[in-house]
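Have the model open while you read.

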Amino acid sequence: MRDQNRVPLLEALSVWSKRDPISYHVPGHKNGAIIPAMEQAEEVFKHVMAIDATELTGLDDLHDAYGVIKEAEELASELYGSAQTRFLVGGSTAGNLAMMMAVCQQGDTVFIQKNCHKSIINGLRLTKAKPVFISPEMEHRSQVATGITVGSLKEAIRIYPEARTLVLTNPNYYGMSVEIEKVIALAHEHHLTVIVDEAHGAHFGKSGYFPKSSIAHGADLVVHSAHKTLPAMTMGAYLHVVNEDYRSKVNDYLQILQSSSPSYPIMASLDLARYHLSSLTHEQLTQIVSEVDWFKKSLNHIDGVTVIDHATSSVSTIDPLKVTVQVKGLSGFQLADELEQESIFPELADSLNVLLVLPLAPKQENYKKTIQVFKEIALKSRTNPVISYNIEIDKEISTPAYSFEELEKMSKREIEVKEAIGKISAKAVIPYPPGIPVVMPGERFTSKHVKFLLNVLSEGGHVQGMMGNTITIALEEE
Ligand SMILES: Cc1ncc(COP(=O)(O)O)c(C=O)c1O
């Protein structure tokens, strides 16, 4: 067992910085000595620039780690139970690309959970693998897309027995998971390599308070955006190699995809975030979770406020740190506006919901103020007409009619969505909610897709990949 109380990279940076070093090397701010004389610049940048180092003696090299970065990565690997954990300075985005490139070859058939992040789609573009999209389930009260089921995966395997890889997104943005353990087990029975984008679950697996991580379920490669739920700087993430077979390819692609000048503040914050997670005691976790529980219950007790919780929803687990909340008479967008006017900034809003991401720390005084603000908003909106939004999605296993390469060569045109039946989509078209792409790039619009999109628009939904009522199509040869 290593000493999880150590933060080797942060310690090395602070020892180096205390030497008052004279810099004749990059970066040009010379350890924060040159900060342009602008109001607030010094105050903001002085401390962070003091540790914004480069690959100096004793500070190791991310791409060929042998010293303090290696030690910091090994501490993270031990904590998460991986064979190897790598620090990412380009977010889970870089991790998803590296995982896809390490596993998929050109022409391979790859199962993709359809409500994936765009970095997975970009991974497909780069690898030239052939995607088979599997539609996820929906959580009905929030109307958001969740995860895929064993039944859908079985059906996909029956139709495409040649597939060798499964790419999952777990949990969804709202912290919801659907039978992930069983899905991974089934995939392994059929010799599929399992990649999990667990960007929102960097704290998973910590004691019994949070859902288990996909690492514990035996996924082969897993990515965590440490910056999303742990106290790490934006862009800081971990890539966990569970299956040793992919270690060297992952390392190779990471040095292609990540900067050759990775940020030391980001890497040190990853070291610190791992320390934070490992150091949380049972008492602190109990306090965090009971405060969260109290916060959610208090919100739910306000007349007109609904918190989507595990007991009343159709998913297997919901991350306690995520609060999906609705206020009667307000769309999610309107609710977010109201909250922001009171200087409360949620993570996101959609047509129905607002999502709050709670901190992984006890003693949250902010919860009381937030409850008060919700009471005032709910009271004001009580007489507004109720917003109803009821979208039925078709569960599909689908493949694009054209590959990304073919699509790139085709001319594009904007047309009204009502004219799209039979046409090829040039983009992913994603209504929120439910956040499931109706079509992916290269897929053909059916009458059902068009009807669905028109319905979403008429219900006041927001659709990514559309401009008003228009979509972008790729023109086929006559
Ligand atoms: C499911 C999912 N995967 C990956 C990403 C990308 O993560 P990052 O911002 O760390 O690059 C996001 C970002 O929101 C996400 O929601």
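1. α4 is the top contributor to the shell around the ligand, giving four residues. Both α4 (91-103) and α8 (226-229) supply at least two shell residues each; helices here are DSSP runs of H or I, at least four residues, and strands are runs of E, at least two, numbered from the N terminus.

2. Keep in mind that this is a predicted model: local features need pLDDT of at least 70, side-chain atom pairs count only at pLDDT 80 or more, and totals for chains, interfaces and linings use all residues. Residues are numbered from 1 along each chain as its sequence is written, and side-chain values use heavy atoms, with hydrogens and water left out.

3. The shell has 13 residues, the closest being Thr93, Asp197, His200, Ser225 and His227 (near means a heavy atom within 4 Å). By class, the shell splits into two nonpolar, nine polar and two charged; Ala, Val, Leu, Ile, Met, Phe, Trp, Tyr, Cys and Pro are nonpolar, Asp, Glu, Lys and Arg charged, and the others, Gly among them, polar.

4. Now the polar contacts (N or O pairs within 3.5 Å; within protein, one must be able to donate a hydrogen and the other to accept it, and residues adjacent in sequence count only if both atoms are side-chain atoms). Ligand oxygen atoms lie 2.5 Å from a side-chain N or O of Thr93, 2.8 Å from a polar side-chain atom of His200 and 2.9 Å from one of Lys228.
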